[in-house]
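Hi,

Here is the model I promised to pass on.

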Amino acid sequence: MALLEHVDTHRGVETAFGKIIPEKEAYSYCLRTIAAFSANIFQVMRVLNDDWEDRTSQICEIANMMNCAACSGSEEELFDYLNAFYDEWNIPELVKRAAWIGAIWGDYGDEAEDMAGRVIQFTEDRVEKELDSCPWDIVGSEMCNMTTAMFTANFDIAAGGEHGEITNDVALNMCEARGCGNPHCRVVAERRDTFDLEKQDWLDHRGQAYLPVHDTPSERRVKHAQGLRNGQYTNAFGEENSLEWQYNWVAQMGWVWSISFPLIAIRDMADDDDEFERILKIVFATAGKNSFIDPFAREGLRNWLDIPREIGDNDPRVMGAYIQAILGCQLVPYEFEAFDADGVEIRVDQETFTGRFEMAPLDEITLGYEAQWNGACHTLVSPEWSVWIDEDDDDFIINVGRKVDDRAL
Amino acid sequence: MLFKEDEIARAEATAVRENAAWYRWTHDLVKVTGEDAEKFLDWILVNSIAGLSVGRGKYTTMLDENGGIIDDLVVFHKAEGLWWLSTLYGPHAVKWFDAHSQGFNVAYEDITQEIDMYAIQGPNSAKVMDGLIADSVDDLKRFQIIDTTIGGIAAIVDRGGFTGELGYEIYCAREDSAAVAEAIEAAAAKYEAPRLKTLEVYVRSLPMEKGMALRQDYKGLTPYEANLGWSVRMDKDFLGKEALEAAQAEEPKRAFVGIEIERESYEDIAQNEIIRKRGVPVGICRQMIYGYTVDKNIGFGIVDARKVPLGTRVTIGPNDSPAVIVEPKWC
């Protein structure tokens, strides 16, 4: 296609050196960086709580509760909320929509997050969803369980027998999970009354489905969701969302469900805030250092950002350009204050930096990234250079500069 | 998603083709009333609505200002001054009317939540109906709608449906729904007509085999591109007419076609998957499904009318599934 026809539509993130990271690549990278942040947060949880069942139950409970928040108002408010959803997604009554809103909800969320796959079955009694990919597959088994608690809430919001009651009308099982090593994620919801199934507790959702499942052969699996394949997501009822809509949605909501919700429980696992923050910084600093241990990782980054050879390895601009690419791909507005051999300063608005979803700002983003980027800087550039974040009125200044710290992590 | 090995879905489809079957719900309903109701509908819909007799219905499309299809529906003239529109999604129709009803003395309301609906479809559906409702359906013409009773319960019946077979749609008050379902089940049991539960069988597989699409399949196409030119009445004024006249003067740019996938199944093909001819994008898929009557993976697509004549071999989706372009009707 001629550039003339597409120059206005093929957008991307411009690196500090003028290279354009194409929109689809930036979107994928955004997803993976959010998943990586989530993986680090889950490591913090594992340090704080060594009991798998206990910590998994805790994050399941909180994820379920937060996803049920939509039905905490009056019955009328719930109906208004649901009707707006039906309208937005063109969901007709003929699908018995109230019964299966969880499946419809889940499908567009999966697709926006490049959890690529398909609804295998959608009947009055059973829904089966199969995924071939998941950017969050690095987080681990607790996350896979936590998502089942979210799905349960989504089903209960509209399908529950009584308003405001968690009735678990469906048995919901994640029969397979990529985060646990399976080739697919597979979630099956089956009506308990139809199949005579037991009510489930938080940790009972990784069982097998009552009816046989369909396993898509490898030659017909997909690597990416519809947005990256075809430029938009289209649901079963013909309603479409553009790749741009999905990108903006996930750059907000990805932080909410995979970080903000579990963090409510994880923070409570620490004796106090100081202990939580101490462990968080250690985990993120280690993750950062390990990012560029391999020499080819440094070379790969230079190539990705198109860093010219005139800029040597021991130059703060290498790290500054890396941070800028992360911010750009995560759709965080920023401004360079300095970008030269003496250091880099990047100004970001505090509210937009921590409040990816405006209603749920995360101070942990600042704490985590400061530790992670500082660690990464020591292996990507050299230990002579550090990253730290200063406050300046309503802004943060992300600094890459020389810093001697006799108690450096 | 339907697969050829799914014996439950196959049995449901076969029941409709060879006997009869029933299921809850077929579409949304919008009630239109008011002094200008007929005039308004005649203007906002492409088919001729003015003069439609009471008790009769008509298929039509609804266009935007660019002549592109935004909905396809059946209009029933229910009583003097009272019209029912059957549409896949009532709220969207209401919003469209809100934006275009200025100057008309007309009222409209989405009554979907007030009324429950059942469909009885298949060659033996008339026999089931005769054992079910107080009136005979023998003389009922296509899209004819009547008031009747089921075991003393008020009901409304039209001859129609979305399977391409002889069939009927039953409307009743929501509070009567359970009793009506019980009566249908009893009448259907005499002919071993099952209740269908697989949505994709009666919303997608059965209709698609007969060339019947949903409104999203046609989205943005002109009625001519969608092979629905027969429903356009250019001898009257309607919303989108000017654009449609201009489109009519040109060769169609797009064609609404059928697709047959030459693989066992279609798990990697979503709606709007890209269709390629020798590796070059030439269109998009609208929907794939398995057709149990024709025993094929079939679908609808929209392609470049100049580049993709019937019989063209193409590939679809991320794994380049081989396919051939055919007429969008299989039986």
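A:Asp392 has A:Asp395 in S12(A) as its bridge partner. The two strands involved are S11 (residues 385-392) and S12 (residues 395-402) of chain A, and they pair antiparallel over eight bridges. Together S11(A) and S12(A) make a hairpin with two residues between them. In that turn, A:Asp393 has a positive phi of about 55 degrees. Bear in mind throughout that this is a predicted model.

H2 (residues 23-48) and H9 (residues 243-269) of chain A pack at an angle of about 5 degrees, their axes 10 Å apart. That makes H2(A) roughly parallel to H9(A). What sort of residues make up the contact of H2(A) with H9(A)? By class there are 20 nonpolar and three polar residues, and no charged residues. On the H2(A) side you'll find, among them, A:Tyr27, A:Leu31, A:Phe37 and A:Met45; the H9(A) side includes A:Tyr247, A:Trp255, A:Pro262 and A:Met269.

As for chain A as a whole, it has 14 helices and 12 strands. Its radius of gyration is 22 Å, close to the 22 Å that the globule rule gives for 409 residues, so chain A is as compact as a globular protein of that length. The C-alpha trace of chain A spans about 70 × 60 × 40 Å along its principal axes. Of the 409 residues in chain A, 46% are buried. Among contacts in chain A with a separation of 6 or more, 65% are between residues 24 or more positions apart.

Now chain B, which comes to eight helices and 16 strands. Here the radius of gyration is 21 Å, close to the 20 Å from the globule rule for 331 residues, so chain B is as compact as a globular protein of that length. The C-alpha trace of chain B spans about 60 × 55 × 30 Å along its principal axes, and buried residues make up 51% of the 331 residues. For chain B, residues 24 or more positions apart account for 68% of the contacts with a separation of 6 or more.

One is an open sheet of five strands in the order S1-S7-S10-S9-S8, with antiparallel pairing. Strand S1 (21-24) and strand S8 (145-150) of chain B are at the edges with a single partner strand each, so one side of each has no neighbour in the sheet. From one strand to the next, the twist averages 25 degrees. Inside this sheet, S9 (residues 153-159) and S10 (residues 167-173) of chain B run antiparallel and are joined by four bridges, and B:Arg159 stands opposite B:Tyr168 in S10(B). Helix H5 (residues 177-189) of chain B lies across S1, S7, S8, S9 and S10, running at about 10 degrees to S7(B).

The other is a barrel that six strands of chain B close in the order S11-S14-S13-S12-S15-S16, again with antiparallel pairing. The twist there averages 40 degrees from one strand to the next. S12 (residues 274-277) and S15 (residues 313-316) of chain B are joined by two bridges, and B:Arg276 stands opposite B:Thr315 in S15(B). B:Gly279 sits in the loop between S12 and S13 of chain B. H6(B) lies across S13 (280-291) and S14 (296-304) of chain B, at about 115 degrees to S13(B).

H2 (residues 37-44) of chain B is mostly covered, with six of its eight residues buried. B:Phe40, B:Leu41 and B:Ile44 are among the buried residues, and so are B:Glu38 and B:Asp42. The cover over the buried residues of H2(B) includes S2, S3, S4, S5 and H3 of chain B.

Lastly, the interface: 28 residues from chain B and 28 residues from chain A take part in the contact. On the chain B side, the elements giving two or more residues are H3 (90-100) and H6 (199-209). That side of chain B has 11 nonpolar, 10 polar and seven charged residues.

Cheers

Key:
Residues are numbered from 1 along each chain as its sequence is written. Chains are lettered from A and ligands numbered from 1 in the order in which they are written. This is a predicted model: local features need pLDDT of at least 70, side-chain atom pairs count only at pLDDT 80 or more; totals for chains, interfaces and linings use all residues. Two residues are in contact if their C-beta atoms, placed from the backbone, lie within 7 Å. Ala, Val, Leu, Ile, Met, Phe, Trp, Tyr, Cys and Pro count as nonpolar, Asp, Glu, Lys and Arg as charged, and the others, Gly among them, as polar. Axes are lines fitted to C-alpha atoms, for helices over the stretch in contact, and angles run from 0 to 180 degrees between N-to-C directions. Angles under 35 degrees count as roughly parallel, over 145 as roughly antiparallel, 65 to 115 as roughly perpendicular and the rest as oblique. Two strands pair if DSSP finds at least two bridges between them. The radius of gyration is taken over C-alpha atoms; the globule rule is 2.2 Å times the number of residues to the power 0.38. A residue is buried if 20 or more other C-beta atoms lie within 10 Å of its own, exposed if 12 or fewer, and partly exposed in between; C-beta atoms are placed from the backbone.
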